[in-house]
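Trainee: I would like to go through the pockets of this model and then one of its sheets. Please show me the structure.
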Amino acid sequence: MSDETFYLTTPIYYVNATPHLGHAYTTILADTMARFQTLRRGPEQVYFLTGTDEHGDKIVQAAAQGGESPQAYADRISGIFQETWKRLGLAPNQFIRTTSETHKRAVQRFLQQIYDAGDIYFGEYGGHYCFGCERFYTEKELQDSKCPDHQTVPTFIKEQNYFFRMGKYQDWLIDHIRRHPDFIRPERFRNEVLSFLKEPLEDLCISRPSTRLTWGIPLPFDDRYVTYVWFDALINYISALDWPDGKAFRSFWPTAQHLIAKDILKPHAIYWPTMLKAAGLPPCRHLNVHGYWKIEEAKMSKSRGAVVRPLDLADKYGVDAFRYFVLREMTFGLDAAFSEDALVARLNADLANDLGNLYSRVLKLIQRYYGGVMTRVPDNGELADAVRGTVADVTAAMERFAFSEALAAIWNLISATNKYLVSNEPWKRDPEDARTKAVLLTAAETLRAIAMLLLPFLPQTAERMLLGLGVSKPITSIRFEDVFLSSPQMGLPEWRVQEVPSLFPRIQPTAPSLQSAGTGAKPSRAGKESATVPEAPLEQITIEEFRRVDLRVAEVIEAEAIRGSKKLVKLRVRLNDEERTVVAGLKEHYPPESWAGKRIILVANLKPTSLMGVTSQGMVLAAEDDTGRIVLLTSEAPISSGSKVR
Ligand code: MSP
């Protein structure tokens with residue numbers, strides 16, 4: 001466990017739009033990282049900040065459209081962000097708003113300090129101003145004379161304003177980036193910034209005349225001007241910690257890490273470090289930059305294009321399934337395409353199949369064999385190395401913000417546990433056998449380690465798993481070290497598991513209404529009911545259709561193994577006075593010597609088919625539970641062979 005603090009911020013989101021997938025993604029990453037660091041360091045050492053950016057032209061315009069005051073508008077949209085994060089289970093330590101008095105005071109103090117040091121001056125500037133971006137563009141930055149982000153022609157504005165001497169810090173910044181190779185990561189973004197810094201760095205205009213914009217923070221040294229956007233917004237990262245005198249500032253700023261997407265790389269990699277330098281403060285430790293979610297190849301932009309609503313998806317598939325998908329699907333630093341089909345595929349394969357089946361299989365066997373109570377047997381430690389290796393892999397991946405890799409490592413452990421069960425087949429063993437107990441205990445211990453490792457990634461699911469696995473320790477006090485403990489050290493001399501309903505019901509990927517729902521591509525969205533059908537049959541059939549299946553009671557006369565096949569057994573069966581040959585794939589569950597005399601249920605009108613050179617005239621019915629146990633269906637009381645099953 002590290003004594004060091006961990007401070008992580010997301011961008012503060014503009015209130016001119018309501019939360020979409022992009023905002024949710026960054027905030028989910030930060031929440032996952034904060035939970036992971038809490039597992040390692042304890043809650044006092046970790047601080048996770050998010051919030052809303054509420055000043056500027058765009059907000060005034062958006063408020064005016066709805067006939068609201070900027071403050072009432074900002075209150076309402078900021079409230080929607082806060083409510084959305086709550087419903088997605090995201091738990092920041094603080095939600096900061098740039099219209100709060102403490103933030104405004106900190107911004108004014110920061111400005112005054114830089115002004116007093118001589119790094120802010122008054123001058124004239126003419127440039128191409130994009131109201132969408134709320135910034136000036138140089139000729140070179142424009143594409144076909146248009147703003148590259150909004151594709152609109154900017155307005156040429158010439159006016160007197162205040163400027164920050166950013167150019168003065170160019171050499172220092174280049175040197176800092178060179179000497180701290182992981183200051184901006186992944187590397188591609190570091191290279192992008194260094195290449196931008198090859199050109200001379202211009203000073204930064206930081207004010208607007210109050211005659212043009214009032215919805216900003218007045219400059220402390222000239223109230224005819226306000227500051228806005230970047231000089232206001234970036235300071236949130238320290239105003240939230242009560243800079244300059246706050247205890248939180250002293251303990252958390254030295255380990256600060258920012259998390260952003262590539263769209264706001266320049267303000268974070270260039271403006272912010274130079275602003276801090278001018279104020280005599282160190283820059284953050286790491287600037288972590290992720291890629292963009294795209295929908296059908298279009299960038300999901302701030303002001304145009306398709307929008308994915310995170311709450312629609314979370315309502316439809318569950319908070320954890322949505323969270324899992326975005327964490328697993330995007331490689332940190334690269335763009336990714338969003339598709340609901342891909343989400344459903346991952347949900348079914350990774351969550352319902354791999355994780356869900358493993359969990360219910362183990363718990364059901366412990367229930368069935370031991371009434372849910374496992375007494376301690378010597379731990380054979382067969383999966384202990386795999387657990388240790390996974391913890392190391394997850395830690396290394398999370399150090400680099402490689403969320404997808406961390407999940408892949410946990411899924412390797414899940415498949416190792418599934419393989420372990422398949423090769424030991426506890427469902428076929430005598431429950432009282434010591435080996436059976438050891439295998440199930442090992443599987444349960446490993447599942448507990450898996451659930452603990454999943455706490456940061458799938459908080460609700462991991463908590464349900466731990467509850468089902470009978471872990472008595474309060475979830476919030478679980479630390480990384482607990483992953484390695486075995487049950488007696490967890491205070492459990494006797495281990496009592498509980499059966500819980502399936503973790504993730506399978507979703508039918510074929511339901512046509514799911515294809516577009518929630519992506520904003522089509523206006524209608526599927527009802528919640530149709531989205532989560534728990535293992536329902538694929539389609540309903542009529543009684544007439546059912547009657548087409550000729551089910552009969554048949555008596556087995558004799559059975560023999562089919563040479564060369566592990567599973568197949570050849571049966572001679574009697575239906576009234578007719579004899580038939582039927583092949584069944586049940587040898588492992590019912591050896592040849594166990595068949596004679598059984599009255600089985602046969603699908604009698606199945607088209608004959610040849611299996612390993614033997615023609616089968618029908619199919620034997622058997623039931624299989626999700627632990628892999630198989631039992632034959634037979635008639636409840638003696639009845640003559642050939643009887644129809646209705
Ligand atoms: N208010 C500024 C940030 C100030 S920070 C001091 C701002 N706000 S924003 O509402 O436009 O949010 C931008 C951020 O939202 C991105 O950096 C990213 O975190 C997230 N995303 C918005 N769209 C996104 C995608 N399509 N994909 C991934 N994340 C994106 O800029």
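Trainee: How does the lining of the largest pocket divide by class?
Mentor: The model is predicted. The largest pocket has a volume of about 1,400 Å³. Of the 45 residues that line the largest pocket, Arg 135, Tyr 137, Glu 141, Lys 266 and Tyr 271 are the closest to its centre. By class, the lining has four polar, 16 charged and 25 nonpolar residues.

Trainee: Which element gives the most to the lining of the largest pocket?
Mentor: The elements that give two or more residues are β5 (135-137), α6 (187-196), β8 (204-205), α7 (229-233) and α10 (265-278). The most, five residues, comes from α10.

Trainee: In the open sheet of five strands, which strands stand at the edges?
Mentor: The order is β21-β20-β19-β22-β25, with antiparallel pairing. Each edge strand has a single partner, so one side of it is left without a neighbour in the sheet; these are β21 (578-584) and β25 (619-620).

Trainee: How many bridges join β19 to β20?
Mentor: Strand β19 covers residues 551-561 and strand β20 covers residues 569-575. Ala 561 stands opposite Val 569 in β20. The two strands run antiparallel, and the number of bridges joining them is six.

How values were computed: Residues are numbered from 1 along each chain as its sequence is written. This is a predicted model: local features need pLDDT of at least 70, side-chain atom pairs count only at pLDDT 80 or more; totals for chains, interfaces and linings use all residues. Side-chain values use heavy atoms; hydrogens and water are left out. Two strands pair if DSSP finds at least two bridges between them. Helices (H or I, at least four residues) and strands (E, at least two) are DSSP runs, numbered from the N terminus. On a 1 Å grid over the protein atoms alone, a cavity is a set of points where a 1.4 Å probe fits but cannot get out, and a pocket is an open set with protein on both sides within 12 Å along at least five of seven lines; lining residues have an atom within 4 Å of a point. Grid points are joined across faces, edges and corners, and a volume is the space filled by probe spheres set on the points. Ala, Val, Leu, Ile, Met, Phe, Trp, Tyr, Cys and Pro count as nonpolar, Asp, Glu, Lys and Arg as charged, and the others, Gly among them, as polar.
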